[in-house]
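User: I'm new to reading protein structures. Could you walk me through this one, feature by feature?

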Amino acid sequence: MKLCSVDKCDNKQFARNLCSHHDRKVKIARYPLYATWKGMQGRCCIVRGCQINANTYFKKGIRVCDRWTERYPKGIENFTADMGPKPTPEHSIDRIDNDGPYSPENCRWATYHEQRLNLAKPGRTVGVSFSKHYKQWIAHLQHNKVVVLHQMFPTEQAAINARLAAVQKYIYAEKQQ
Ligand SMILES: [Zn+2]
């Protein structure tokens, strides 16, 4: 049995004279987005060895585009070129259309909070309701038992946007301090 070429490592060789652990380390050092790229493949894939999320992403029909599924290192190189670097370590890959694929058109870097906002959809946004009396949409937000937003808008989307902005301003900004 051949051993990993890294000094003092007794693991079995996996690829390129390295064990799987050190092979992964080399890939991550070479491609900062390697873990993100690999995780994305794993979520959408049902080939042997990466079926962790096969029941969710794969069954929902969420796939990774062809450009990003090319063999290493081509796939990770395409992914890096299309997405650019992560703006901060808090950012992760986000699909703009939540039912859509992992592809350059449908992906962006977003923080956890931005990803939550992206899930807001017409007809089911907390704090947004329609007033039959005024025939307007009302955006409502309470923070620390104080009403910080209670305003009417002609469209549901305008009310959603106003509420999201208020959440950002009052709740999220405070948590970051
Ligand atoms: Zn090793």
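This is a predicted model: local features need pLDDT of at least 70, side-chain atom pairs count only at pLDDT 80 or more; totals for chains, interfaces and linings use all residues.

**Reading the fold step by step**

User: How many helices and strands does the protein chain have?

Analyst: Helices (H or I, at least four residues) and strands (E, at least two) are DSSP runs, numbered from the N terminus. Here the protein chain has six helices and five strands. Their order from the N terminus is α-α-α-α-β-β-α-β-β-β-α.

User: Which residues of α4 are buried?

Analyst: A residue is buried if 20 or more other C-beta atoms lie within 10 Å of its own, exposed if 12 or fewer, and partly exposed in between, with C-beta atoms placed from the backbone. In α4, the buried ones are Gly75, Ile76 and Phe79. Looking down the axis of α4, these buried residues lie within an arc of 95°, so they line one face of the helix. That arc is the one made by the directions from the helix axis to the C-beta atoms. The other side of α4 has Lys74 and Ala81, which are exposed. Helix α2 is among what covers the buried residues of α4.

User: Is His21 buried or exposed?

Analyst: His21 is in helix α1 (residues 20-30). It has 12 C-beta neighbours inside 10 Å, so it counts as exposed. Over the whole protein chain of 177 residues, 13% count as buried.

User: What makes up the largest nonpolar core?

Analyst: In soluble globular proteins, nonpolar side chains tend to be buried together. A nonpolar core is a set of buried Ala, Val, Leu, Ile, Met, Phe, Trp, Tyr and Cys residues joined through C-beta atoms within 7 Å. The largest one here has ten residues: Tyr34, Trp37, Met40, Cys44, Val64, Trp68, Ile76, Phe79, Tyr102 and Cys107. Both α2 (34-44) and α4 (74-83) supply at least two residues of this core. Helix α2 gives the largest share, four residues. There is also a second, separate core of nine residues, including Leu141, Ala159, Ile160 and Val167.

User: What is Met40 in contact with, leaving aside its neighbours within four places in sequence?

Analyst: Two residues are in contact if their C-beta atoms, placed from the backbone, lie within 7 Å. With those neighbours set aside, Met40 touches Val64, Ile93 and Tyr102 in this sense.

User: And which order do the strands of the open sheet have?

Analyst: Strands pair if DSSP finds at least two bridges between them. The order in this open sheet of three strands is β3-β4-β5, with antiparallel pairing. At the edges are β3 (128-131) and β5 (146-153), each with a single partner strand, so one side of each has no neighbour in the sheet. From one strand to the next, the twist averages 25°. For such angles, axes are lines fitted to C-alpha atoms (for helices, over the stretch in contact), and values run from 0 to 180 degrees between N-to-C directions.

User: How many bridges join β3 to β4?

Analyst: Four bridges link these antiparallel strands, and Ser129 has Ile138 in β4 as its bridge partner. Their hairpin has four residues between the strands, and Lys135 takes a positive phi near 55° there. Strand β4 (residues 136-143) also pairs with β5 over seven bridges, again antiparallel. Ala139, for example, has Gln151 in β5 as its bridge partner.

Methods:
Residues are numbered from 1 along each chain as its sequence is written.
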